Protein chains: 2
Amino acid sequence: MSITTVSDALNGKGRLPDETRSRVREVAERLGYRPSAAARTLRTGRSGLIGLTVTTYGEEPFTFTEFAYFAEMARAATSAALSRGYALVVLPASSRHDVWSNIALDGTVVIDPPDQDPLVSELYRSGVPVVSDGKPGNCPVTAWVDNDHEAAVLGILDHLSEAGARRIGLLTGTSTDTYTRLSTDAYLGWCRKVGQEPVYETYPAHDPAAGAVAADRLLARPDRPDAVYGLFDPNGTDLLAAARRYGLRVPDDLLLVCCSESDVYATTEPPITTLSLKPRRIGTTVVNLLIDAIEGVDSGTGVDVGRLFPARYRTAGTGPPPGTLMPTELIVRASSQRRSTRTTVSPPRPPGEV
Amino acid sequence: MSITTVSDALNGKGRLPDETRSRVREVAERLGYRPSAAARTLRTGRSGLIGLTVTTYGEEPFTFTEFAYFAEMARAATSAALSRGYALVVLPASSRHDVWSNIALDGTVVIDPPDQDPLVSELYRSGVPVVSDGKPGNCPVTAWVDNDHEAAVLGILDHLSEAGARRIGLLTGTSTDTYTRLSTDAYLGWCRKVGQEPVYETYPAHDPAAGAVAADRLLARPDRPDAVYGLFDPNGTDLLAAARRYGLRVPDDLLLVCCSESDVYATTEPPITTLSLKPRRIGTTVVNLLIDAIEGVDSGTGVDVGRLFPARYRTAGTGPPPGTLMPTELIVRASSQRRSTRTTVSPPRPPGEV
DNA sequence: GGATCCCGGAGAAACGGTTCTCCTTCACCT
DNA sequence: AGGTGAAGGAGAACCGTTTCTCCGGGATCC
């Protein structure tokens, strides 16, 4: 009984009669033998490990699971990786470099990389596939996936307009991540288009207390909006609390929408309309794209992903890395509908009015 | 220039003049050399990886980050591991076995292991240190950490009694995890002691919709409680919604407390008193205990942990594994205080009354 | 001046798998 | 009967570190 035979038997390789194979397996089982993952990795060059890098949000050292979006996304990513035989290592970008370099990673998912992230660049240079959640600024990545934030914001603004909003405000962040930037830009562009003066307040999104203050500021303005979209998860409760303080009824005096993955907004008083970024879908897609790249599957054609999630925009070939935009979902609840509105049928949109 | 010299120079070992050391480092840097993690792991037997196993909750395949507790705990654990040079691999207990055995783990954190978990047993047998969050039933573990759930529940019941509750109800789960079991038992024991008939409803905790239904059931009972403690995070909103449906004012007609790590309860109407299990503290402690075990540090004396978090109960030596109980924190808000109560001073407790 | 010691560094053996190559045996065919 | 081919299995190189041992040479010491 040679080492080769055992290895082949356990891995289903080589040309062995089934009898030998099963005998080896039986003995291995009885002995409680477990092959050394390190040795296997050393020889094969595959560790079965995928990094999940969450970049630091603002000043905070480590905001993984700070927002429900990340938590959900990470969960889906873990599941997706697992179902393809990979495990996920959570590695904040702020980690000490020695931790990073001490782990054999087959590839990395990076959430919302800042422009010119040195970490991503180094990984990419050293040949490790990198797929980013969030359209990367200047980093070279193997592929990326993002929501269609512009379409989402425009959809919400239209939705609020249809519900009768005359002046829509925005509660947004001070950070420069892709999400905040794209969303805010879409808002500003919309304002320019329809001729509304922008009404928005910004705050550091990583600071939960600041959100409440900013919500208050927004409703305290002389040009108080009659509808508000909050970009971050806690904004719904923040705005609701602020509205209560100012005696504003929702939705009668103030229409409310916020971006959130939490279902608490289904049971608030009133229930609040939310935009879901579908983090599960994003997480699953990102990981599958990454593993395709690791295993050399050509997903550049977008066949696998494209069938399930039609992309509005996908680049291919050399040059810019292939990106996939995925749709969001607006969950309409009472906070963005005037009482008169029937819930089943949306009123015809006045053509001339915005 | 030999291989040995390079290895020693890079790792700060051996006896080399600083000049050689820095020269090697400089060249390595210029070449973009990164040592192979796999080879190092193979040679040293240390991977720098620790597993974070979350057992499946009820029927759900994978409930990591389902509850804020887990999310927070995982976050703290990741941070703690990182700051000691380890990375965390998220590995649901339901993972395919081949994924498990394909990863070199130095140790594992397991959240709330069920009795006789085969996975934990195998790990423990094969010499991998295992530290559990949640007192383990019958699994052999290196150490464990848990909240003092009994004290927490008793504290809440006392708190509600002091606020004037005459009949306290419980919203609890159907699963058999330690948390649910200990908490429910504490409630039942308390009822027996004070002579109150238990008033509780159970539901599968992993099903968010079921919580609302159970909350409704509890308040629809003929022996409707005038105070309720909900064991799970969403119970606060569930109970609040149910109370609204029945026209019950909180806290006037119904006192409310729930166990939650979410700060949304600070801004609900009214704000709801919550019990925090301090998941960050738990996560940090668990990981540090595990790494101590991995590195052979004797934490059995509890010096490191004990200084920061005095344990009420800790076993040592052989026999049962050393466990640490950690205190919880009750965040008192309007929902558990009668309007008459002044918020700054708690009223003297009537001696005869419970 | 020779034995001793320390300094700086080189050699080589693991670590535990995977995999390419090769060898032996036996059946089969002509 | 000899050549051929396939089946089954054995050998050995290799993956890239760490670490133990050893070695040459210059300084030190008596």
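**Stop 1: DNA strand D**

Select the surface near DNA strand D: by class, this surface has nine nonpolar, nine polar and six charged residues. The model on the screen is a predicted one. Of the 24 residues around DNA strand D, those that come nearest are A:Ser2, B:Ser7, B:Pro35, B:Ser36 and B:Ala39. Next, colour the helices here. At least two residues of this surface come from each of α1 (3-11) and α3 (37-44) of chain A, and likewise from each of α1 (3-11) and α3 (37-44) of chain B.

**Stop 2: DNA strand C**

Turn now to the other strand. Which residues come nearest to DNA strand C? Of the 24 residues around DNA strand C, they are A:Ser7, A:Pro35, A:Ser36, A:Ala39 and B:Ser2. The surface near DNA strand C again draws on α1 and α3 of chain A together with α1 and α3 of chain B, each of which supplies at least two residues. By class, the residues near DNA strand C divide into nine nonpolar, nine polar and six charged.

**Stop 3: chain A**

Select chain A by itself. Chain A holds 12 helices and 12 strands. Of its 354 residues, 48% are buried. Consider next the contacts in chain A between residues at least 6 apart in sequence: 66% of these join residues at least 24 apart.

**Stop 4**

In general, strands of a sheet pair through backbone hydrogen bonds, in either a parallel or an antiparallel manner. Two pairs may be inspected with this in mind.

- Select β5 (residues 143-147) of chain A with β11(A): these strands run parallel and are joined by four bridges. Here A:Asp146 stands opposite A:Leu325.
- Select β2(A) with β2(B): these strands run antiparallel and are joined by three bridges. Here A:Leu88 stands opposite B:Val90.

**Stop 5: where the chains meet**

Select the residues of each chain that touch the other. The contact takes 42 residues from chain B and 42 residues from chain A. On the side of chain B that touches chain A, two or more residues come from each of α3, α4 (68-83), β2, α5 (97-101) and α10 (235-245) of chain B. Which element gives the most to this side of chain B? It is α4(B), with seven residues. The residues of this side divide into 22 nonpolar, 14 polar and six charged.

**Stop 6: the axis**

Finally, look at how the copies are related. Chain B is superposed on chain A by a rotation of 180 degrees with 0.0 Å of shift along its axis, with an RMSD of 0.1 Å. The two copies are therefore related as by a two-fold rotation axis. To locate this axis, select B:Val89, whose C-alpha is the nearest to the axis in chain B, 2.2 Å from it. Of the interface residues of chain B, 100% are also interface residues in chain A, so the copies meet through the same surface.

Methods. Residues numbered from 1 in each chain as written. Chains lettered and ligands numbered in written order. Predicted model: local features only at pLDDT ≥ 70, side-chain atom pairs only at ≥ 80, totals over all residues. Near = placed C-beta within 6 Å. Nonpolar A, V, L, I, M, F, W, Y, C, P; charged D, E, K, R; others polar. Pairing = 2+ DSSP bridges. Contact = placed C-beta atoms within 7 Å. Least-squares fit on C-alpha atoms with pLDDT ≥ 70 in both. Buried ≥ 20, exposed ≤ 12 C-beta atoms within 10 Å, placed from the backbone.
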